[in-house]
Amino acid sequence: MSEPLAHVADDTAAVPAADAAHSGRKPWLKGLVMALRIALCLVFGLPLVFLIVSSFKPDNEIFADLGTVNAFLPVGSISLDNYSGVFDRVPFATFMMNSVLISVVTVAAGLVVNSMAAFALSRMEFAGQKIVLGVILATLIVPFETMALPLLWWVNQLPYFDGSIGWLDSYEVQIIPFIANAFSIYLFYQYFDSIPKELDEAAKVDGAGWFRIYRSIVMPLSGPAVATVAILTFLPAWNSYLWPLMVTQSESIRPAMVGMDYFKQMSGSSGTAWGQIMAYASMITVPVLVLFIAFQRAFINSIASSGVKG
Amino acid sequence: MKSLKKLGVLGLAAALSLSVVACSKGGGGQATSTSTGTVELSMWTHNAGNKEELAAIKSVVSDFNASQTAYKVNLQAFPQDSYNQSVTAAAAAKKLPCILDIDQPNVANWAWAGYLAPIEGMDETLSKFLPSTVAKYDGKTYAYGYYDVTLAWVTRKSTLNKYDIRIPTIDQPWTADEFMAALKKLKDSGDFQYPADLATGWTGEWWPYAYSPLLQSFGGDLINRTDYKSAQGSLNGDAAIKWANWFAEMGKEGYIAKKSGSDPSQDFMNGKTALLWNGSWTAVPTRKKFGDDIVFAPPVDFGNGPKVGGGSWTWGASTNCADPAGAQAYLKFAAADKYVAEVAKDTNNIPATDAAAAMVPGFEEGGENDVFRQFAKRFTVMRPETPGYPFIATEFEKAAKDILNGADPKATLDQAVTNIDDNQQQFAG
């Protein structure tokens, strides 16, 4: 029973072990490692600092400060003008609500659908099982951009709930095509495969059916896989840009990422509103950042256990 | 067991959410009749996020809707940066709106592709518009615009005086020699990061819009305009090679950044550059910053006369519209001088008609912005009105970037010509 979790425990145990090994290092080596760590923190952290600090500055100061350390410091004419400008320019609350709705529903439905598909592939035995898995995995190599136009054509032919034809300009066109996901199925499949099949047999002896095994035995043991899939589904759903751009026409159903384009203007009296772009980017980054910080340990563990990089 | 319940709750939540969102559909569409018999026409604009222009367009729509009961126009605003992708996606799905705005260089391609319907019965009205604001293809008019924009060298009187550089006028622009001598003086002063900024950090349509007029001033062009079949000799002839060598030299000598900052106007206003090659849209912020010290100088005459690009956003009707008469009725209504003035005023762009210019403060004869109108009238060369233009634009951008970064000018332009000629074959006949 503990086997699926063993490698996670190993990973966490590896950290203090590594620290212990490090403690025997020479002081100059420790200093070098620390300096490298700080440098890495700066490389990844400073753009975020720049983003947030710039969101409080007027456009001319953002550019005047470029190339100096002031770019990362809250100095000059600091104000909330850019934030009020964002609310003046875009229906921010609507865009955020749309993004939350689309992301949450995609994740929730994705967890159910993909885990069930993976369960069938991992635990049941049927003709062509390996072929089905192979075909699903093969779709991983097709980039979304190549499928975008055929998918657009396809969703435009499907019947809608109100009897009309075509899903364009709706929420479901932004959700349903992304529920079933080959990568999520593969992650679940890989994890389910590491859960001993003897548990199924014991359950069957006790009279459990497949669904009972899925919901009472396999899923409760698959916490790390659920976390991984949830996070890896949420991020692209939240960051989705090309697809909503193609399928939404009404402002009322646009997600937050498309809203970023509202600030880039060639003409008009103000030109591109850089400060507002920074403010808007800060506001749409914060929820993801909070989510990451809240689930930092689960995120790192799940990435480590699934062998997924960036 | 807890996980099971959570999963159940998640699944239920997802199902409920989907059923809720199933009832939520946006209001996009083309032409539909209401119970009162009014035909609703959908209309798209690229102005989401551009408060001034969007407000002006909303005002035109509102007046049209109030002026009659047969039609009601519903406006949907899209962000400019991704507008073309939204339109082409809608065209692929045959969901174009009845009325839409189109960036002028795309009109020929979209007309050829069957997205746009010709505008009928407006010849007399449109004869009063600046030619660069009326988009034609194959002898038919497909769109008209309320305004145009133009290009200028933005600089300061105090800077030119300090370095003893002549202030050019519309009748006597800088010659190539004068311009290069000015750049050398500015560079030698060491007072600027770069003497000039061509906004090379921008991408896309900016490259052909801003730099093909420089090519044309050398005597070259993007394509041979007699039949639009080939770029041979136009884009790789002696004049074009001279332009390419000059362009490469600008980067090599450090007169311009090979990739300038994201906002060249800000760099100019912060004193990082002395001369800025940019659009008339920079007038508002630069004038606000420098007042009377600002100069909007005409394009340099590199031998074949000063040239600027022409054509901006225009309005037309789609072929998808279920009620074409309604779309044409709106386009006729919206072409009044009053609306031309209103939109141009709110965007600070060049009004398309003389009558409208007289109504917009600054653009009246002798006004502070009249200089832009004069540049547009005297120096405009339209981007080639051929369906192959988007491809030509991409090839030109690629070639110009390569040349600026050290590629062999002749070989690069020859390759661009080969590619363009191959692509143009599909439009023959």
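User: Which residues of chain B make up domain 1, and which make up domain 2?

Analyst: Happy to start there, keeping in mind that this is a predicted model. The bounds come from an automatic or database domain assignment. On that basis, chain B has domain 1 at 31-148 + 311-377 and domain 2 at 151-309 + 388-427.

User: What pLDDT does chain B average?

Analyst: Some ground rules: residues are numbered from 1 along each chain as its sequence is written, while chains are lettered from A and ligands numbered from 1 in the order in which they are written. The model scores ipTM 0.74 and pTM 0.81. In chain B, 92% of the residues score at least 70, and the average is 91.

User: Which element gives the most residues to the side of domain 1 of chain B that touches domain 2 of chain B?

Analyst: The domain centres, taken over C-alpha atoms, are 29 Å apart. Contact, meaning C-beta atoms placed from the backbone that lie within 7 Å, involves 14 residues from domain 1 of chain B and 13 from domain 2 of chain B. Helices are DSSP runs of H or I of at least four residues, and strands are E runs of at least two, numbered from the N terminus; those giving two or more residues on the domain 1 side are helix H4 (107-112) and helix H15 (370-379) of chain B. With five residues, the top contributor is H15(B).

User: Where does H5(A) bend?

Analyst: The expected span is 1.5 Å times one less than the number of residues, so the 32 residues of helix H5 (residues 92-123) of chain A should span 46 Å, in agreement with the 45 Å between its end C-alpha atoms. A bend is the angle between axes fitted to the seven residues ending at a position and the seven starting there. For H5(A) the angle is about 25°, at A:Gly110.

User: Is B:Tyr228 buried or exposed?

Analyst: B:Tyr228 sits in the loop between helix H8 (206-218) and helix H9 (238-252) of chain B, and has a positive phi of about 55° although it is not a glycine. A residue is buried if 20 or more other C-beta atoms, placed from the backbone, lie within 10 Å of its own, exposed if 12 or fewer, and partly exposed in between. Since 20 other C-beta atoms lie within 10 Å, B:Tyr228 is buried.

User: And is B:Asp164 buried or exposed?

Analyst: B:Asp164 lies in the loop between helix H6 (157-162) and helix H7 (176-189) of chain B. Its phi is near 55°, a positive value in a residue other than glycine. Because B:Asp164 has 8 C-beta neighbours inside 10 Å, it counts as exposed.

User: Which residues is B:Val300 in contact with, leaving aside its neighbours within four places in sequence?

Analyst: B:Val300 belongs to the loop between strand E12 (294-297) and strand E13 (308-310) of chain B. It is buried because 23 other C-beta atoms lie within 10 Å. Beyond those sequence neighbours, its contacts are B:Pro173, B:Trp174, B:Ala176, B:Phe179, B:Ser217 and B:Pro306.

User: Which elements do the buried residues of H13(B) pack against?

Analyst: Helix H13 (residues 337-347) of chain B is mostly covered, with eight of its eleven residues buried. Among them are B:Val340, B:Glu342 and B:Asp346. The packing partners, in chain B, are helix H2 (51-67), strand E8 (147-148), strand E15 (350-351) and helix H14 (354-359).

How values were computed. This is a predicted model: local features need pLDDT of at least 70, side-chain atom pairs count only at pLDDT 80 or more; totals for chains, interfaces and linings use all residues. Two residues are in contact if their C-beta atoms, placed from the backbone, lie within 7 Å. pLDDT is the predictor's confidence in each residue, from 0 to 100.
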